[in-house]
Amino acid sequence: MLAAVIGIEGTVLTAAERRLLAETPPAGVILFARNVADRAQLRSLTNAIRAAAAPAVPMILVDQEGGRVMRLCPPVWRSLPAMAAIGALFARQPDQAVQAARAVGHLIGCDLVETGIDVACAPVLDVAASGLTEAIGSRAFSSDPFVVTELGGALAEGLLDTGVLPVIKHLPGHGRAQVDSHVGLPVVTASLDELAARDFVPFRTLADLPIGMTAHIVFPALDPDRPATLSRPIIEGVIRGQIGFSGLLLSDDLGMGALSGDLVGRAIACLAAGCDLALACSGRIEDALALADALPRLAGEAAHRHARALAFRGTGQGPVDVAAAEHHLRATQLVA
């Protein structure tokens, strides 16, 4: 499989997309709101992706966090709270908040399993700081790394209970960024000691989870020249080293405004820096074809990490009680 996760154009596969999936299947396909109409359509699409790529079995991913980052949206899918709301509940009723985070994981996971999606790009483990960009905002659980760890871990466990793989993001931490990396390049000037004492804590504690995603942020104390996604010193020395994350590592979307250069150059650079998979979300077939021509197949340690990540499926405590999860969110007033 290609060392990439790609997007697709619409709610059905085009002929060109089918050919690409058959000839150069990527390690994953990521879906967005543009790919989603209703439950039956989405299940048909995920079935078509797997049929086209067979015998390869690409992961199918989606950003489904709750709050404002949901690609499967009401009224077809249930409303889910923002992570900051669960963090606020923790300040009053910590046990109820942990249960709520696990309930959100259960509900996200059940929705995804029903429609053939096996990876949720959640939870966000970024520790909120003063001046935090709204690109993260209410997606962060808390400004307390302990709270982020407790709630992020519970949400990830909830996903795993359903057989869905969580993705922890954004390594090594996006919570101090004051610029939206979708449009510009954030620079975080905190020292290594400051980052290690706060930002790294949730990632370090939950480093045994199967998949992680990098941040497009420059940390001068770690690498003055390159954002984390493109930095071997950060990926090897910090993410793999100090934090101890040994799972499958995805770049954040390489089409974001934080990065410079063409898409293929960005993808080659992120893999050279130590990312296992290059993430390209545009859905443009010309982007996918260019990556298929330029990038390597998944091999070596990256292939082992990919296999270990997939082996996490079925390791949760399931089955889950959907009605109980929904009741708990209503009882704690996190949803109406």
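## Cysteines, an aromatic pair and a helix crossing

Searching the whole structure turns up zero disulfides (cysteine sulfur pairs within 2.5 Å). This is a predicted model, in which local features need pLDDT of at least 70 and side-chain atom pairs count only at pLDDT 80 or more, while totals for chains, interfaces and linings use all residues. Residues are numbered from 1 along each chain as its sequence is written, and side-chain values use heavy atoms, leaving out hydrogens and water.

- Cys275 is in no disulfide, and its nearest cysteine sulfur, in Cys270, is 4.4 Å away.
- Cys275 is buried at 5% relative accessibility (buried is under 20% relative accessible area, exposed over 50%, partly exposed in between, with a 1.4 Å probe and protein chains only).
- Cys281 is buried too, at 7%; its sulfur lies 8.0 Å from the closest cysteine sulfur, that of Cys121, which is too far for a bond.

**Aromatic pair**
- There is one aromatic pair, counting Phe, Tyr and Trp (six-membered ring) with centres within 6.5 Å; planes under 30 degrees apart are stacked, over 60 edge-to-face and the rest tilted.
- Phe90 and Phe146 have ring centres 6.2 Å apart and planes at 70°, so the pair is edge-to-face.
- Phe90 is buried at 14%, whereas Phe146 is partly exposed at 47%.

**Helices α4 and α5**
- The axes of helix α4 (residues 94-114) and α5 come within 7 Å and cross at roughly 35° (axes are lines fitted to C-alpha atoms over the stretch in contact, with angles from 0 to 180 degrees between N-to-C directions; helices are DSSP runs of H or I, at least four residues, numbered from the N terminus).

Technical notes: Helices (H or I, at least four residues) and strands (E, at least two) are DSSP runs, numbered from the N terminus.
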